[in-house]
Amino acid sequence: MKRRQLTSDERTILSLLGYGADNTRPTAYLSSMTSLSQRAVRKVIRDLVIKYSIPIVGERTGSKRGYYIATNQDELARASGPLKNEIKQLALRNRALLFAQIRTDWLEYLSKGDQGNG
């Protein structure tokens with residue numbers, strides 16, 4: 001299997017990431033060091049994980065929020081839980097959208113409560 005070439009942005013972000021949960025790098029930091037938007041930084045990280053199977057995980061709670069490269073199975077497992085919950089929430093949102101009614105009077109409709117709304 002042929003290895004893909006890292007893009008310049010992928011190479012830069014990868015070089016800025018720390019190894020292990022004690023070495024997180026917040027999105028804002030990565031953005032400021034690269035002049036990429038925070039959204040672009042998240043996309044690059046997503047691409048590094050998906051395209052290259054690099055175990056980059058995000059810490060969303062506590063004082064050490066940010067991304068890091070996992071160095072053991074415990075770090076990978078800790079990162080997996082919140083992702084599973086996010087997937088479940090996205091599935092619920094997707095289902096709600098698939099079955100949503102198209103209306104132009106949502107504020108009025110919801111303000112009436114259960115008084116003959118239909």
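## Surface and overall form

The accessible surface of the chain comes to about 9000 Å², and 53% of that area belongs to carbon and sulfur atoms; these areas come from the Shrake-Rupley method with a 1.4 Å probe, and for residues only the protein chains shown count as cover. The model is a predicted one, in which local features need pLDDT of at least 70 and side-chain atom pairs count only at pLDDT 80 or more, whereas totals for chains, interfaces and linings use all residues. Residues are numbered from 1 along each chain as its sequence is written, and side-chain values use heavy atoms, with hydrogens and water left out.

Five helices and two strands make up the secondary structure of the chain, in the order α-α-α-β-β-α-α from the N terminus on; helices (H or I, at least four residues) and strands (E, at least two) are DSSP runs, numbered from the N terminus. The radius of gyration of the chain is 20 Å, well over the 13 Å that the globule rule gives for 118 residues, so the chain is more spread out than a compact globule; this radius is taken over C-alpha atoms, and the rule is 2.2 Å times the number of residues to the power 0.38. Along the principal axes, the C-alpha atoms fill a box of roughly 60 × 35 × 30 Å.

## Burial and the nonpolar cores

Of the 118 residues, 25% count as buried, where buried means under 20% relative accessible area, exposed over 50%, and partly exposed in between (1.4 Å probe, protein chains only). In soluble globular proteins, nonpolar side chains tend to be buried together. The largest nonpolar core here has 14 residues, and those with the most contacts inside it are Ile-13, Leu-17, Leu-30, Ile-45, Leu-48 and Ile-56; such a core is a set of buried Ala, Val, Leu, Ile, Met, Phe, Trp, Tyr and Cys residues joined through side-chain atoms within 4.5 Å. Helix 1 (8–16), helix 3 (38–52) and strand 2 are the elements that give two or more residues to this core, and helix 3 gives the most, with five residues.

Not counting residues up to four places away in sequence, Ile-45 touches Ile-13, Leu-30, Ile-56 and Tyr-67, a contact being heavy atoms within 4.5 Å. A second, separate core of five residues includes Ala-21, Val-57, Tyr-68 and Ala-79.

Thr-34 lies in helix 2 (residues 27–34) and counts as buried because its relative accessibility is 15%. With residues up to four places away in sequence left out, Thr-34 touches Thr-12, Ile-13, Leu-16 and Val-41.

Thr-71, in the loop between strand 2 (66–69) and helix 4 (73–98), is partly exposed, with a relative accessible area of 48%. Leaving aside neighbours within four places in sequence, Thr-71 is in contact with Tyr-19 and Gly-20.

The rings of Trp-106 and Tyr-109 have their centres 5.4 Å apart and their planes at 85°, so the pair is edge-to-face. Both residues lie in helix 5 (residues 106–111), three residues apart, about one turn of the helix; Trp-106 is partly exposed at 36% relative accessibility, whereas Tyr-109 is buried at 18%.

Arg-103 lies over the face of Trp-106, at 5.8 Å from the ring centre, and also over the face of Tyr-109, at 3.9 Å from the ring centre. A charge sits over a ring if NZ of Lys or CZ of Arg is within 6 Å of the ring centre and within 35 degrees of the ring normal.

How values were computed:
Phe/Tyr/Trp six-rings, centres within 6.5 Å; stacked < 30°, edge-to-face > 60°.
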